[in-house]
Amino acid sequence: MVGETSNPSNEKPYGALNIKTYVPIILDLNELNYDAWWELFETHYRDSGVRDFITGDSKPTSDKDEDWFKLDSVVKNWIYGTLTQSLLNMILTKNSTPHTVWLILENIFRDNKDDREIELENELRGMTLGDLTVAQYCQRMKSISNLLTNIDNPIPDKTLVAHLLNGLSP
């Protein structure tokens, strides 16, 4: 059998072919949007009952397990359909599974955690109001703060307020 959470009799994964309805974010190396993409994608694959394909716990019963291979392809296509072309070119490999693709993406976005932390903190320290509205400026600051929290480096509110005030024009 295909697996407890990836039951081929569950028709939901087959009906959810337009992944962008559920994951409207296109994962991009330049957008720092991995955490938001991950959250939406995880919500969708859990809701669709194909978690075992992402975790690697689901295996075909044989080389002729067409139900398994069909679901495997559906889940891979979901991932591929939410990536920029350049990112897709980086991760596309022959005979991959959703699990291997998921791990490659996680390595790309999580392995440079220290570098991202330094980059985000520098951006936060160097931010100025410039041509932004105050709302845009505050929203960008909060977004960077959230990204730092997502990589286990939360910025205390006092520090965030200090950065915000330092970036305002006289």
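The following exercises, each with a worked solution, concern the predicted model shown above.

Residues are numbered from 1 along each chain as its sequence is written, and side-chain values use heavy atoms, with hydrogens and water left out. In this predicted model, local features need pLDDT of at least 70 and side-chain atom pairs count only at pLDDT 80 or more, while totals for chains, interfaces and linings use all residues.

**Exercise 1. Two packed helices**

Task: Determine how the axes of helix 2 and helix 6 are arranged.

Solution. Step 1: Helices are DSSP runs (H or I, at least four residues), numbered from the N terminus, as are strands (E, at least two). Helix 2 covers residues 34-47 and helix 6 covers residues 98-110.

Step 1: Two packed helices are described by the angle between their axes and the distance between the axes. Axes are lines fitted to C-alpha atoms, for helices over the stretch in contact, and angles run from 0 to 180 degrees between N-to-C directions. The axes of helix 2 and helix 6 come within 11 Å and cross at roughly 155 degrees.

Step 2: Angles under 35 degrees count as roughly parallel, over 145 as roughly antiparallel, 65 to 115 as roughly perpendicular and the rest as oblique. Helix 2 and helix 6 are therefore roughly antiparallel to each other.

Step 3: A crossing is left-handed if the near helix is turned anticlockwise from the far one by less than a right angle, and right-handed if clockwise. For helix 2 and helix 6 the crossing is left-handed.

**Exercise 2. Salt bridges**

Task: State how many salt bridges the count comes to, and describe the one between Arg46 and Glu42, the one between Arg125 and Glu121, and the one between Arg140 and Glu123.

Solution. Step 1: A salt bridge is a side-chain nitrogen of Lys or Arg within 4 Å of a carboxyl oxygen of Asp or Glu. By this rule there are four salt bridges.

Step 1: In the bridge between Arg46 and Glu42, the closest N and O atoms are 3.1 Å apart. Because Arg46 and Glu42 are four residues apart in helix 2, about one helical turn separates them. Buried means under 20% relative accessible area, exposed over 50%, and partly exposed in between (1.4 Å probe, protein chains only). Arg46 is partly exposed at 45%, whereas Glu42 is buried at 14%.

Step 2: Arg125 and Glu121 meet in a salt bridge with an N to O distance of 3.5 Å. These two residues are four residues apart in helix 7 (residues 113-126) and are separated by about one helical turn. Arg125 is partly exposed at 48%, and Glu121 is buried at 19%.

Step 3: Between Arg140 and Glu123 the closest N and O atoms of the salt bridge are 2.7 Å apart. Arg140 lies in helix 8 (residues 134-150) and Glu123 in helix 7, so the pair ties together parts that are 17 residues apart in sequence. Arg140 is partly exposed at 30%, and Glu123 is partly exposed at 27%.

**Exercise 3. Positions around helix 6**

Task: Locate Asn95 and Pro98, and decide whether each is buried or exposed.

Solution. Step 1: Asn95 lies in the loop between helix 5 (85-91) and helix 6. Its phi is near 60 degrees, a positive value in a residue other than glycine. At 69% relative accessibility, Asn95 is exposed.

Step 1: Pro98 belongs to helix 6 and is buried, with 1% relative accessibility. Pro98 and Glu123 are 25 residues apart in sequence, and 34 Å separates their C-alpha atoms.

Step 2: A further pair involves Phe53, a residue of helix 3 (residues 51-55). Phe53 is buried at 3% relative accessibility.

**Exercise 4. A nonpolar surface patch**

Task: Describe the patch to which Val161 belongs.

Solution. Step 1: Patches are made of residues with over 30% relative accessible area and no salt bridge; like charges are joined within 9 Å, and nonpolar side chains (Val, Leu, Ile, Met, Phe, Trp, Tyr) within 5 Å.

Step 1: Val161, Leu165 and Leu168 form such a nonpolar patch on the surface, together having about 250 Å² of accessible area. Accessible areas come from the Shrake-Rupley method with a 1.4 Å probe; for residues, only the protein chains shown count as cover.

Step 2: Val161 is placed in helix 9 (residues 157-166) and is partly exposed at 46% relative accessibility.
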